[in-house]
Every structure is written in structure tokens, then in C-alpha cells.
Amino acid sequence: MINQFSLEERLEKLGLRLPALSKPAGNYVVVNVRGNIAYVAIQFPKFNEEMLYKGVLGKDLTTEDGYKAMQLCAINVLAHIDAAIGLDKVAGLNHVDAYYRATADWMEAPKLVDGASDLFVNILGERGVHSRAIFGVDHLSRNFSVGITCTWTIYA
Amino acid sequence: MINQFSLEERLEKLGLRLPALSKPAGNYVVVNVRGNIAYVAIQFPKFNEEMLYKGVLGKDLTTEDGYKAMQLCAINVLAHIDAAIGLDKVAGLNHVDAYYRATADWMEAPKLVDGASDLFVNILGERGVHSRAIFGVDHLSRNFSVGITCTWTIYA
Amino acid sequence: MINQFSLEERLEKLGLRLPALSKPAGNYVVVNVRGNIAYVAIQFPKFNEEMLYKGVLGKDLTTEDGYKAMQLCAINVLAHIDAAIGLDKVAGLNHVDAYYRATADWMEAPKLVDGASDLFVNILGERGVHSRAIFGVDHLSRNFSVGITCTWTIYA
């Protein structure tokens, strides 16, 4: 277990800022702990309540934009896990489902999702290692370009 | 643990009816218990074997229709969990993945999925609380407008 | 527990071959074990590093092609689980998320996904039984027609 883990400091070392916790848009919770698993609701590229990175990859957004959008989704996940449980108390990230919207000929999905994957590993080391699935969808809430859903294992 | 939990009575109090258990459409089971988790196959807005709420939100169906469609998906989940395990024996709902088909400009996904979320919470209270992901897809089996997949934690 | 389980021999009895392990296309692992669950990254119809079954069902590929494509996804899952953990050590398959790309009027998704479901059950018996979700998506990496993601429970 890591003591005195400061998410804000770790993000600052990477030149990144910690947003305020996003609010649920319906009758659900963002972090749901059952047994030794924490289930996290879909997170979008919001910063405080500002909705960023809307649109379609390959048309409205570049792959580099998408990388930053995925990074911001991951930051929101970490902010919520830290607030609800404490990053000291998580054994590790399990799996990430990553969704994006793109033009028919845009083919950079793995690079895109590394925006989230790199951040999890950079912040948490081995505890940030995960499996993942990526697929392109038709719609995401509020016209966002990307989103991620993930689960975590908590120390017993 | 709640004793003598009657799903049918609880649904009736909300003016809702309990359908017959839907049948798998392939080589899988609807409820698969491994360890202390129950995994539930995708459920659609069927009532008995009648396929309801087909089509596309924003064209063939209103948001209110979609809310009821999501509610019916959730009722099918509860029917299966109750038959396979007993709702007395579940510690709680973990996470819901919700899928829908919609026109490009339809933007009511959170209201839609509250059809399922509200039902889970209304029937089960704290045990019905969950995280969720929502995304719009290209196709769903039999032209359904919506579907949900979820997992549950069972008392050890 | 099954002793001396040979995946290669079991596949050969079904007339199938074991591919080399596919490599991750980004900063993730294919099999991530946390607690008593193994999370498997999305698998595609690759054989060794050859990308097979690209395109869209109902246009570029028949349902029979898709069945074989799903079967090949499942073989890749089994190859990875066997290499990372050993199929002797898994209590069973939990759930499969299956994705496909298809024309608007193609309606054979359950038959398609039985390509994966049948293989899991034929190779592992009761331990291969699972729940599943199926939905049609807009994009899959490298223009693949299908993909699957799944989780497994491991003996404690």
C-alpha cells in the first residue's frame, strides 16, 4: 500500500490539473462498491462542469485531441476513485471499456485510448495496469467524442 | 437480508406486471453465477415472448417510450435474478451497461436509462443502487431500440 | 479441476489450430488478473499476426464467415488464458461481450456469436458456460468485422 498518495501532486508532475468531481446525470452513482470491486460509471472529457472534446474523430478532432480527451476521462475516473475510496486503498485497475465516435476511415483507436492507458500506468504503476476493449459507437451523451468505463479491485 | 421478498407484489404496487422468463436465443445462459457474482445476459424490452419497443429513438419512439422500454428490460433482469438466485440472496446490483439506437440529433440518453435505474432503486432500495454506462449502438438483435446488461453481487 | 489439459489437442479434435499469442497494440495487457478474476482484452479474428475476417456482415462476409470469425476470437481468448494462467486453473468463463459490424438489414447476430459460445462450451464443458451481450458497433480496430471481450473466474 502507498501512503500519503496525493493525486493532485502526481498530476501536477505530469503538467495536469485535478478537476472537481463530475455529478451523475441520472439515478445512479459514479462509484459503486460491492464486495471487493469498485464499479465506475462512464466518464467523459469534462473539466469541472465544462464539456470538452465534443464531436467526431477524423472530422472535428485529431488523434492528438482524442488522446487528451481520453486522458481527461482517466483523470475524472481517478478523481472519483480517490474521493470515494482513496487511491491508497485500491489493489489495482481491472479493465477499461473505451468508446469513441469517428469517421468511417479514421483508424487510430489504439493510439487514442493510450491517452487513458498511459495516464493510469503513469500515475499508479503496476496498480494501473489493465486490460481493455475499444469500439466505435454511434452516440455518446452530450455529443462527446469519447468516454470510458472501468472497474477496480480494492484491498480486502 | 429481506425475507419473503415478492417481486410480483412489488411490481404490482408500481402498476407493473411480471413477465414470463425470456429464453436464451443461443448457446448461453441468462444468469451465470461464478464466485459471488451473477452475470446477466443482455435483456431486451420483451413481455412474455412479445418483442416490444422496436425501432429508433427520435424517429419511431419517443423518450417516454424509451423510458418504458428500459423499465421493461430491468423487469426482465429482476425476473431472471429472482428465478435463478432469489432476490433475497443478492447483496446488490453492481453496474448496468445500457445500449440504445437513436437518430443523430436525439440527446435524451440519461432520461431514457433512468427507466431502468429508477426501477432497480424503487424495487430494491440501496441494493438497487448501481453505476452505469450508456452508449448508442448501430444494431440490436431483432431491431430492438434498447437493451441492458448487468452484474450483481451475491451474499457469500 | 482437469489435469493435463491440452488446449492444442482439444482444438485439433475439432479440426482447429492453435495460433501464436497476439500482441497488445497499446499500453495494456491481454490478461489482467486481480483477485480471483481474469480480465481479457478485446480479441479479434487474428491467426498468428494475420488479420482475418475484415469488413461488414451482410456485405463483405456471410453469417457462416462471421461464425468462424467469432470462433477464432474465442480461440485467441483461450490461447491467452492458457498461456497466462493455465486452463486447469480457471473455475469458469463469466461473461462475453460480443461486437460486430453489419449492414442495416442483417439480423443474424445470435447465430454469429454462437461461433464463440459453441467453442467455449465444446472445449471447457460446464466451465465454458457463460452469459453474453451482443451489439452492433460503428467501428472496430483495423476494420475487423467482429471482436469479443470476456472475464473468467479463477480457483481461489
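In which sense do strand 5 of chain C and strand 6 (residues 131-136) of chain C pair, and over how many bridges? Please set the answer in the context of the sheet and of the contacts between chains.

Author: The model is predicted; local features need pLDDT of at least 70 and side-chain atom pairs count only at pLDDT 80 or more, while totals for chains, interfaces and linings use all residues. Residues are numbered from 1 along each chain as its sequence is written, and chains are lettered from A and ligands numbered from 1 in the order in which they are written.

Strand 5 of chain C and strand 6 of chain C pair in the parallel sense, over six bridges. Here two strands pair if DSSP finds at least two bridges between them; helices (H or I, at least four residues) and strands (E, at least two) are DSSP runs, numbered from the N terminus. Within strand 6 of chain C, C:F135 is the bridge partner of C:Y99. Strand 5 of chain C also pairs with strand 7 (residues 146-154) of chain C, in the antiparallel sense and over nine bridges. There, C:A98 has C:I148 as its bridge partner.

Strand 5 (residues 90-100) of chain C is mostly covered, with ten of its eleven residues buried. A residue is buried if 20 or more other C-beta atoms lie within 10 Å of its own, exposed if 12 or fewer, and partly exposed in between, with C-beta atoms placed from the backbone. Together with helix 3 (residues 109-124) of chain C and strand 6 of chain C, strand 5 of chain C makes a right-handed β-α-β unit. Right-handed means that, with the strands pointing away from the viewer, the path from the first strand over the helix to the second runs clockwise.

Chain B shows the sheet as a whole. Five strands of chain B form an open sheet of mixed pairing, in the order 1-2-7-5-6. Strand 1 (31-34) and strand 6 (131-136) of chain B are the edge strands, each pairing on one side only. In chain B, strand 5 (residues 90-100) and strand 6 pair in the parallel sense over six bridges, and B:A98 stands opposite B:I134 in strand 6. Helix 3 (residues 109-124) of chain B lies across strand 5, strand 6 and strand 7 of chain B, at about 160° to strand 5. Such angles run from 0 to 180 degrees between N-to-C directions, and axes are lines fitted to C-alpha atoms, for helices over the stretch in contact.

The contact between chain C and chain A takes 22 residues from chain C and 24 residues from chain A; two residues are in contact if their C-beta atoms, placed from the backbone, lie within 7 Å. On the side of chain C, strand 1 (31-34), strand 2 (37-43) and strand 5 are the elements that give two or more residues. Strand 2 of chain C provides the largest share, four residues.

Chain B, in turn, has 24 residues in contact with 22 residues of chain A. Strand 5, helix 3 and strand 6 of chain B each give two or more residues to this side, and helix 3 gives the most, with seven.
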